[in-house]
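User: I'd like to go through some labels on this model and see what backs each one up. Can you take me through them?

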Amino acid sequence: MQDIRWNTFFIFLLISFLSLIIWGFKSLEVASFFFISCLIVYLLLHVYWIYRLNKWLKSPNLSTIPNGSGVWEEIFSTLYQEYRKQKRSKSELTSILGRFMTAAEAIPDGIIALNQNNEIEWCNKPSERMLSINPAKDLNQPINYLLRETRFTEYLNDNKDGATLKLISWRNTGKSFEILLVPFGINQKLLICRDITQLEKNDFIRRDFIANVSHELKTPLTVIIGFLETLSDMKNEFNEKTRTYLKMMVEQSDRMKKLVDDLLQLSSIEFNTLPAEKKEIDINQFFKNLKKDADLVSKKTCKLNLSINKNVILLGYEKEIYSAFLNLITNAIRYSKKNGMVNIVWDTKDHQPYFEVQDYGIGIDEDLIPRLTERFYRIDANRSRNSGGTGLGLSIVKHVCIRHQAQMEITSQIGKGSQFKILFPRDRLALKKNVKE
Ligand code: ADP
């Protein structure tokens, strides 16, 4: 800019100087005529280059950029360099974007970019195939208009960090998908859709196999137990050694029966992917039966304190709920010290029914809590077996919770005891008069 100003000033000075010389040699009129003529030529020259610049700007192209003269030479040269730089970075960006798009298309998972209103901004080819999205029509459409399913809309609106949603046998296509929403940018979301059809099939085969094996084992086991019972009735006819063997056989066959029963129960709960029914449970009778069974387990080695709010009526599948609650109470008794105490509470909190079992037994290391609901996971396998455990109790509780949309919370301290709490959703509460909050 500095140069252009000096250049203009210099030309103006030169015209003025030449005009002064002409004035000296000729007259003022001739000098003025010369001065004005030079200015007009200079102005016309500028107008010409402005015209060329304007023309070029309408269809800019590196090969057609004018050369210019005087100050315009420098202007066009700067313009040339800037335009070249811009073109280079544009082509670099285009190539990066192209590479990114190719990579995004190569990902086998479906990826959909959503804006803050959950409208589709972009999607890759696998997502078009998986969720039947047509970018020509569906771009800028809210995704929940296209994937009309209550569970999906709920997941979209109430998305918890890291939580996924399974769409099993989506639209009866036999395909199953897992959806994950990842926030990015300003209120934008990336919807990642994974085809889990094969995984679900494998899982089904595994569950089916376990259910079949357990079922097949049940009949011969019942026969063996029957014979063992008959032999036990005749125990006086055997010598001491045989009686000991017989006792061990009865114990082991009982353990096996319990294992088979638990496996069958777990399979039947797992197979049922639908939410559990919402039938009113007769809480009074329910807890009477539960106390009776708990007393049988405890054999008076433990003091059971029950605080039951009978006005809190649960809507659920009684058989499953009973099994889950009894499992938690049984565990509390089994992992308590001798003459321990177990507190059982049934009440509501913020209109959510909850069941709580508190023991003051051996407690659990905090780091191991997340693993407790895994099948056959035991902290002390010997203690579990000796107290009649199968390692499946908390797995059953977990699946009952899933079927009832309930959450299990576990808090524990080594040597001080544990608290297991099942919190049911509000819509599983049927209030009867005078609910104590
Ligand atoms: P198990 O039949 O072995 O008790 P569960 O699935 O019911 O199987 O429990 C898994 C493991 O969790 C148990 O082996 C035990 O180590 C631990 N556990 C469960 N409940 C309690 C409790 N109330 N106190 C201490 N440990 C517990």
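This is a predicted model: local features need pLDDT of at least 70, side-chain atom pairs count only at pLDDT 80 or more; totals for chains, interfaces and linings use all residues.

User: What makes Asp 261 and Lys 218 a salt bridge?

Analyst: The closest N and O atoms of Asp 261 and Lys 218 are 3.0 Å apart, and the cut-off is 4 Å from a Lys or Arg nitrogen to a carboxyl oxygen of Asp or Glu. So the pair qualifies. It links distant parts of the chain: Asp 261 sits in helix H9 and Lys 218 in helix H8, 43 residues apart.

User: Why is Asp 261 called partly exposed?

Analyst: Its relative accessibility is 26%. Buried would need under 20% and exposed over 50%, so Asp 261 lands in between.

User: Which salt bridge do Lys 257 and Asp 261 form, and how do you know that about one helical turn separates them?

Analyst: Their side chains meet at 3.1 Å, N to O, which is within the 4 Å limit. Lys 257 and Asp 261 are four residues apart in helix H9, so about one helical turn lies between them. Lys 257 has 36% relative accessibility, so this residue is partly exposed too.

User: What makes Lys 278 and Asp 427 a salt bridge, and what does the pair tie together?

Analyst: Their closest N and O atoms are 3.4 Å apart, again within 4 Å. Lys 278 lies in the loop between H9 and strand E6, and Asp 427 in the loop between strands E12 and E13, so the pair ties together parts that are 149 residues apart in sequence. Lys 278 is partly exposed at 45%, and so is Asp 427 at 46%.

User: How many salt bridges does that rule give, and which residues are joined into one network?

Analyst: The count comes to 17.

User: On to the helices: how do H10 and H11 pack, and what is the handedness of their crossing?

Analyst: Helices H10 and H11 pack at an angle of about 35°, with their axes 10 Å apart. The crossing is right-handed. Among the residues making the contact are Phe 286 and Leu 290 of H10, and Ile 321 and Phe 325 of H11.

User: What is the contact of H10 with H11 made of, by class?

Analyst: It has eleven nonpolar, three polar and two charged residues. Asp 293 of H10 and Glu 318 of H11 are in the contact, and Asp and Glu count as charged.

Methods:
Residues are numbered from 1 along each chain as its sequence is written. Side-chain values use heavy atoms; hydrogens and water are left out. Helices (H or I, at least four residues) and strands (E, at least two) are DSSP runs, numbered from the N terminus. Buried means under 20% relative accessible area, exposed over 50%, partly exposed in between (1.4 Å probe, protein chains only). Axes are lines fitted to C-alpha atoms, for helices over the stretch in contact, and angles run from 0 to 180 degrees between N-to-C directions. A crossing is left-handed if the near helix is turned anticlockwise from the far one by less than a right angle, and right-handed if clockwise. Contact means heavy atoms within 4.5 Å.
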